[in-house]
Amino acid sequence: MLKKKIIIWGTTNKSNYLYHYLNFDKIEVIGFTDNKIQEEYIENFMFGIPFIKAVKIIDYKFDFIVISSSAYLEITNQLYEYGIDESQIIQANNINFMIPDTLFYFNDIDIYKEKYEIFLDLNCFACNIV
């Protein structure tokens with residue numbers, strides 16, 4: 001089975017938390033990105049995975065971009081401007097500690113089951129405020 005290649009959008013504790021909910025039997029994280037860091041590329045940024053400047057992600061082959069930021073709507077629009085299809089975007093900003101109203105794409109979990117199999121446990125999206 002080929003592993004899905006993902007890029008995580010976000011470089012804060014939210015991304016660190018999200019990383020531990022990923023099913024590494026099914027995915028490979030090929031990079032982290034966001035708009036705040038200006039370097040083009042940083043080797044071994046988090047968990048031995050590189051940082052890729054946001055405008056450069058379109059140069060990479062990936063299956064999904066997982067957004068772990070409260071600015072998920074702005075980031076989603078930015079990804080659309082880059083030409084990235086909605087089917088490749090997972091808004092995971094609400095993992096277990098975000099505001100319940102932030103559930104956006106997760107309304108269609110059954111429809112996009114393959115999209116969410118990258119996570120170990122979908123209960124992490126229970127939207128509990130910790």
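## Close-up views of a predicted model

**View 1. Glu 28 is partly exposed, with a relative accessible area of 36%.** This is a predicted model, as are the views that follow. Lys 5 is partly exposed too, at 31% relative accessibility. The side chains of Glu 28 and Lys 5 meet here in a salt bridge, with N and O 3.0 Å apart. The pair connects distant parts of the chain: Glu 28 belongs to strand E2 (residues 27-33) and Lys 5 to strand E1 (residues 4-9), 23 residues apart. In general, side chains of opposite charge can pair when their charged atoms come close. The structure has 3 salt bridges in total.

View 2. Start with Lys 53, whose side chain meets that of Glu 40 in a salt bridge of 3.7 Å, N to O. Here, too, distant parts of the chain are linked: Lys 53 sits in the loop between strand E4 (49-52) and strand E5 (64-67), and Glu 40 in the loop between E2 and strand E3 (41-46), 13 residues apart. Now turn to Lys 56, which forms a salt bridge with Glu 40 in which the closest N and O atoms are 3.7 Å apart. Lys 56 lies in the loop between E4 and E5 and Glu 40 in the loop between E2 and E3, so this pair ties together parts 16 residues apart in sequence. How accessible is Glu 40? Its relative accessibility is 42%, which counts as partly exposed. Lys 56, at 32%, is also partly exposed.

**View 3. The largest nonpolar core has 17 residues, and Ile 6, Leu 22, Val 29, Ile 118 and Phe 119 touch the most other members.** Two or more residues come from each of E1, helix H1 (13-19), E2 and E5. E2 supplies the largest share, 3 residues. Apart from this core lies another, of 14 residues, including Ile 30, Ile 52, Ile 57 and Ile 75. Follow Ile 6 to see who its partners are: leaving out residues up to four places away in sequence, Ile 6 touches Leu 22, Ile 27, Glu 28, Val 29, Ile 30, Gly 31, Phe 64, Val 66 and Ile 118.

**View 4. Thr 33, in strand E2, is buried at 0% relative accessibility.** What does the side chain of Thr 33 reach? The backbone oxygen of Ile 52, at 2.6 Å.

**View 5. Helix H2 (residues 72-81) has the buried residues Tyr 72, Ile 75, Thr 76, Gln 78 and Leu 79.** These residues cover an arc of only 160° around the axis, so they lie on the same side of H2. On the other side of H2, Glu 74 and Glu 81 are exposed. Which elements cover the buried residues of H2? E1, E5 and strand E6 (89-91) are among them. Finally, look just after H2 to find Gly 83, which takes a positive phi of about 90°.

Terms used: Residues numbered from 1 in each chain as written. Predicted model: local features only at pLDDT ≥ 70, side-chain atom pairs only at ≥ 80, totals over all residues. Heavy atoms only, no water. Salt bridge = Lys/Arg side-chain N within 4 Å of Asp/Glu carboxyl O. Helix = DSSP H or I, 4+ residues; strand = E, 2+ residues; numbered from the N terminus. Buried < 20%, exposed > 50% of the residue type's maximum accessible area, 1.4 Å probe, protein only. Core = buried A, V, L, I, M, F, W, Y, C linked by side-chain atoms within 4.5 Å. Contact = heavy atoms within 4.5 Å. Polar contact = N/O pair within 3.5 Å; in protein donor to acceptor, adjacent residues only side chain to side chain. Arc of directions from axis to C-beta.
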